[in-house]
Amino acid sequence: MSSALRLENVVRIFEPGTVNEKVALDHLDLSVSAGEFVTVLGSNGSGKSTMFNIILGSMFPDEGRVILGDRDITRMKDYRRAYDIGCLYQNPLRGTAPNLTLEENLALAYTRKASPSFFALNRKDSAYFKEVLSSLGMGLEDRMKTKMGLLSGGQRQAASLIMATIAEPELLLLDEHTAALDPGAAEKVMELTKKIVEEKKITTLMVTHDMDYALEYGTRTILLDSGKIRMDLCGEERAAMTPGQLAEIFYSRTRRRGSR
């Protein structure tokens, strides 16, 4: 079941008290409703990766809280959060085992739902994996015995998306997950992303630099700059926004930050 996400007054500072001090997140507040799909924009250094790392538990905030559903997960270890948070990265091989087959990778991901204590791979699960893959229309159901490292980039990313969502996480984080793909593969993966997120009603945050994707997918778009949310678009305002207008807002913020 999807859960709401709240970041409350989150602060993260790197190398504090030195000449290299960097405020990555500056009292960041963000509330995402259960089942909401939010696209996230931000230039390099805006705090996007730090925000994701804090949500995932790869690092802890210096101040503030992270709430998933009704649980305070601020200090929860990352491996415990992995049962409830799915994540997909830009690199199609990150988060997968390239020397295991597609079927074995799916089984590893599925154990988060079945049981964290054993490697689940049986005929019933194999039939389920084949059914899920066949719904993608990418021919992956015929490549279940193929090692992940031998799949194309688009196939790997589609498979990785299934792995991230097959256990029905409470939250899904997408970190520019189509940026390394060719345009055709990127479109297929984005269509698959929309289909899965809408069908499973997964609370989702998707980082992208594509202005079209930022407005086409989800129901809300936020702009992160200097560790704070500077713009939050939804409803009629978002529907009326064009990619060109959004790009102008984005780059004007970037230029302003660069001139400080």
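A salt bridge here is a side-chain nitrogen of Lys or Arg within 4 Å of a carboxyl oxygen of Asp or Glu. With that in hand, welcome to a few close-up views of this predicted model, which holds 13 salt bridges.

**View 1. Arg6, Glu8, Arg65 and Asp72 are joined in a network of salt bridges.** How accessible is Arg6? Its relative accessibility is 31%, so Arg6 counts as partly exposed. Glu8 has a relative accessible area of 23% and is likewise partly exposed. Arg65 and Asp72 are the other members of the network to look for in this view.

**View 2. Glu170 and Arg71 meet through their side chains in a salt bridge.** The N to O distance is 3.0 Å. This pair links distant parts of the chain, 99 residues apart: Glu170 is in the loop between α5 (153-165) and β7 (171-175), and Arg71 is in strand β5 (residues 71-72). Is Glu170 buried or exposed? At 14% relative accessibility, Glu170 falls under the 20% cut-off and therefore counts as buried. Arg71, at 28% relative accessibility, counts as partly exposed.

**View 3. Glu168 forms a salt bridge with Lys200.** Here the closest N and O atoms are 4.0 Å apart.

**View 4. Helix α1, residues 48-56, is mostly covered.** Of the nine residues in α1, seven are buried. Which residues of α1 are the buried ones? They are Lys48, Thr50, Met51, Phe52, Ile54, Ile55 and Leu56. Keep following the chain past the helix and you come to Gly57, which has a positive phi, near 90°.

Key: Residues numbered from 1 in each chain as written. Predicted model: local features only at pLDDT ≥ 70, side-chain atom pairs only at ≥ 80, totals over all residues. Heavy atoms only, no water. Buried < 20%, exposed > 50% of the residue type's maximum accessible area, 1.4 Å probe, protein only. Helix = DSSP H or I, 4+ residues; strand = E, 2+ residues; numbered from the N terminus.
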